[in-house]
Every structure is written in C-alpha cells, then in structure tokens.
Amino acid sequence: MGVYLNPGNAGFKSARAGKYVDKSGLIAVVNDTIGKDYKLSCISRARRFGKSYAAKMLCAYYDRSVDSSDLFDDLEIAKDPSYKEHLNKYNVIYLDITGFIGEVGIKNTVSSIRDSVISELKNTYPELSETTMLSSALAEVVERFDPEHKFIAIIDEWDAIIRTKRATEEDQWTYLEFLRSLFKNSGLTDKVFAAAYMTGILPIKKDGSQSAISEFREYTMLNPRNFEKYFGFTDTDVRDLCDEYGVSFEEMKRWYDGYSFKTVKSVYNPNSVMQALTNKSIESYWAMSSSATGLLDYINMDFDGLSDAAADLLAGKRLHVETGDFQNDTTSFTSKDDVLTILIHYGYLSYDSESKTVCIPNEEIKIEFARTIKKVKNKKTLERVKESIKLIEDTAAGNAGEVARQIEKLHRQECTPLHYNREASLRSVIKMAYFAYRDYYLQFEELPGGNGYADIVFIPKKYTDYPALIVELKWEDSPETAINQIKNKHYPDALKDYDGDILLVGISYDKDDDEKHHKCVIEVL
C-alpha cells in the first residue's frame, strides 16, 4: 500500500466513522463507464460539495490492496449488480493535486507527480525498466507484470493549478500537456486504464473553443447529467437528517438549498448542512471555507453591467447568462457572462439550463453577496445600496411619503410597461427596493398567516431595534386598502411569537394614472 499507488481505504473508513450520508450510488455510475469509450470522467462541482469524499470512496472501492467489503456491504452500491464485479479489483493511482502544490510548488508539480508515482511502481515491481515517462511505466506494469489488473486513475482537485493566480500560462499548459500524455493516446489509454475519475471545481480549460483534454466526458454545475443526485444532498437526504437531529427542514431548505438540475430539483450544500447539524446552529458557513478567490474580486471586474447584475441578483432577480464562451479558467474573462459563469461553478449562483438564467440559491449565499456588494467600486451600485438602506430607515421611522417616492422611482426604472402591473413584478420591486435588508432583517415571502399569505415580511434580527414590517403593494386600490387586507386576512398572525413592534406598510398606485404616482400608509399594529 502506498501514497499514490493503491492508497488503501483509510480515508473512506474515517468518513464512515462519522455521520455518513450514503452517496455510494455514484460508484455504480462510474462502474458503468469502465472499459467503455467514455471511461474518462471529469466531474466539476462547487467547493465544499463533497469532491474529496467521493475520491476517497472510489479509492476504497477499487483499490485491490485492501478488502473494503465491510465499508460498502450496507450501502446503496451493494444492491447494484456491478458491486462484486469491481470491488477491490484494480490498481489505483490517486493524486491530490493541491497536496503536490503545497509540497513542491507549482512549477515542480508535474515532475514530482511523475517521480513519486514511478518510485512507488518500482517499489511494487522492482524489475520495472528505468524511465522518466509515467505513461510508459504504467503500460509496462500492465503488459509485463500485472495484466489482470488495469489502472483506475483518481485525481482530486485536478484544476488546482488552473485556479490559482500564482500559476502562469506556461505552468497551466505544462500541466495540461502532462494529463494529455496520460490520456490522449487512445491505444495507450485503452491498454492501461479501466477508467479515470477527475474531480475539481472548474471544467477542463479550453484550447480555443474545445476542451484541452477532449477525451474526458465532462459533468459540471451547468450539466451534471447522470451524476446529478451525487452533486450534493437531496431533499430526502436533508429531511432524514432533520428528523434525526430534530431540526427544522424548512429552515435548512431556506439556508442551504437552491441548486437545481434537470431531474433533481433540490440540491443542498453538504458541508453547510452537516456543520449546521453538528454545531446545532443554522447560519452561514460559506465564509469559513477556503476559496480560490473572493466574490469581490469577480464582482469588481470592469465589465458593463456586472456590478448592477450583482445588486439585481441580491434583490431576487433571475438573470440570463450565456455560458458557452467561458474558457474555464480564472483569467480569460471577456464579458459579464464569463464572470457569472465562473460564479455558477464556484456555487455562488444556481443555473437553470432550460431558461439559461441564474439566481442566488439560498440565504447563505445571499449573506455572502450582501457583505460583498457594499465593498464594490462601482458608484452606481454603491448608490443603490445607500438608497435601500435609507428606504429601510424611512420605513422604520414611518416616513410614508419618502417610502412612496423611492418605491415609485424604482418601479419606473425596473419594470417595462408590459410587466408593470403584474403581481410578480410588484413583489420583485419590493425585494429590489429593500435588498440591503440583511444587516437588519430576515425576509420571508408568501408567509402564511391568518387567512392568506403576506406578500413580504421582514422580521428584525435580535441585535437590532427595528420593528417588524408587513408590506403589501397594490396597483388599483388605495394604500388604506392594502392595510385593511393585511388586517382582514390576519397576516400578523404569522408573527404571533414575535413580541416587538410591528409596522403595516401599504403601498399603492392608480394604474389608470399616466404618471402612476405611488402612495404609502404606515401604521403601527
């Protein structure tokens, strides 16, 4: 058993010793690729979404130097017909690229990988010929010494060199050429490898318009295909955990859900879910995890509309994005769409492949955006932040005239005549107007209370002195009618456990008025 050749099952054994959510079904998906034309898989998903756990699981399953049956016999994979066929039947080459970078630096990573793996091969097969070519050494092992056991390559954090700002263009292409030398020659690949599984955050860097290592089939946050339900926790996973730990499923969903794929409509951040359960505290754990770069670095890039797009996203808007031109690295940005695309891969945005739109997925990421948006350099965006904070202050102080003026201004700016009077547009305007609320409030939409659902409710955070707000916007009645609806349908019942002040905020305008002047009434409950 070595470090890079057949590393054993200790990593997965450690994972199973703690609270483990069964994602072993992923093994069956990889098993289905073994020996096929599509046996090379590159799975890119957001940080803290279980990439390294999956790599350790695959090592434990395929590594022929150990018996891992006791780790898998009670898991989902044991029910699959392919389970026994591939269990501990292969030589595994395991590479953690971040480990090499940390040990020897970027420029020495490729030579260190080559030398380290060849050294371990020679320890296992002493008669191996002297060579500095890893592909030749692997081929000789299969041809001369161990024809019954092909290799499975498992490469964790494969894109670490592509993501780091310290890597030059030459460093990146040297590394990509090394990977090509292992997997580009189809004859050699078929002879040596039963399968390969690379995992990272970014898809494979492009060489022009094509993947630099085109032999790999890619599964990404844009299109994970048959790996969908293994990209994170599902509703079923989280509901079971909440039942076990006695935690509110609805709160977990609001904080950590929001990623959606074609067949799996709810995907949660596994790291945040598990931290919330073990720490017994539902909060943001995003900022506590490592990141290749900060959100601010991307939002501050000098592309037209980018900073405003961040504010619109924070206000709850879905934005259209074209992802096809992104070069899958952290330097070759040419447009706002490129920046939004990398934010999808990093998990800051959730992507809908049918509408080609993005949104902020959940409360945890909204907090991250809210922290960031105040630091952007764009003057227009900073002005929007100031206006939103002032609106919150005016509302809390009962300055109804100012509230009406600001809502009217934003409504006119953001809504086309075609959508001006739509219910969804009105709710969107309120969300955009109050988008800076996160320093002061928790926001709830369609909150059930009494005989209906309150449009938008803001509940103050414990450390603030602000009152709770129940906001209703009407487009053909008076603001008094909006207030009466809040009362008559008993919306405040949703806040029956809240013991602070509550303000009822009614806003309206006359749709037949050419100027569509807005009016506001604010009443203390």
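This is a predicted model: local features need pLDDT of at least 70, side-chain atom pairs count only at pLDDT 80 or more; totals for chains, interfaces and linings use all residues.
**Entry 1: Ala454 and its contacts**

Leaving aside residues up to four places away in sequence, I found Glu445, Glu446, Leu447, Ile470 and Tyr491 in contact with Ala454. Ala454 belongs to strand E12, which covers residues 452–460. Is Ala454 buried or exposed? I noted a relative accessibility of 0%, so Ala454 counts as buried. I also looked up Tyr491, which is 37 residues from Ala454 along the chain; the C-alpha atoms of the two are 5.7 Å apart.

**Entry 2: Aromatic pairs**

Next I turned to the rings. How many aromatic pairs are there? I got 25. I then picked out Tyr298 and Phe333: their ring centres are 5.8 Å apart and the planes meet at 65°. Edge-to-face needs an angle over 60 degrees, so at 65° this pair is edge-to-face. Where do the two partners sit? I placed Tyr298 in helix H15 (residues 295–299) and Phe333 in the loop between strand E8 (319–320) and helix H17 (336–345). The pair therefore ties together parts that are 35 residues apart in sequence. I checked burial too: Tyr298 is buried at 3% relative accessibility, and Phe333 is buried with a relative accessible area of 12%.

**Entry 3: A ring cluster**

I followed ring pairs elsewhere and came to a cluster that links Phe12, Tyr20, Tyr61, Tyr62, Phe72, Tyr83 and Tyr90.

**Entry 4: Arginines over rings**

Last, I looked for charges over ring faces. I found Arg45 over the face of Phe231, 5.6 Å from the ring centre. I also found Arg225 over the face of Tyr219, with 4.8 Å to the ring centre.

Key: Residues are numbered from 1 along each chain as its sequence is written. Side-chain values use heavy atoms; hydrogens and water are left out. Rings of Phe, Tyr and Trp (its six-membered ring) pair if their centres lie within 6.5 Å; planes under 30 degrees apart count as stacked, over 60 as edge-to-face and the rest as tilted. Helices (H or I, at least four residues) and strands (E, at least two) are DSSP runs, numbered from the N terminus. Buried means under 20% relative accessible area, exposed over 50%, partly exposed in between (1.4 Å probe, protein chains only). A charge sits over a ring if NZ of Lys or CZ of Arg is within 6 Å of the ring centre and within 35 degrees of the ring normal. Contact means heavy atoms within 4.5 Å.
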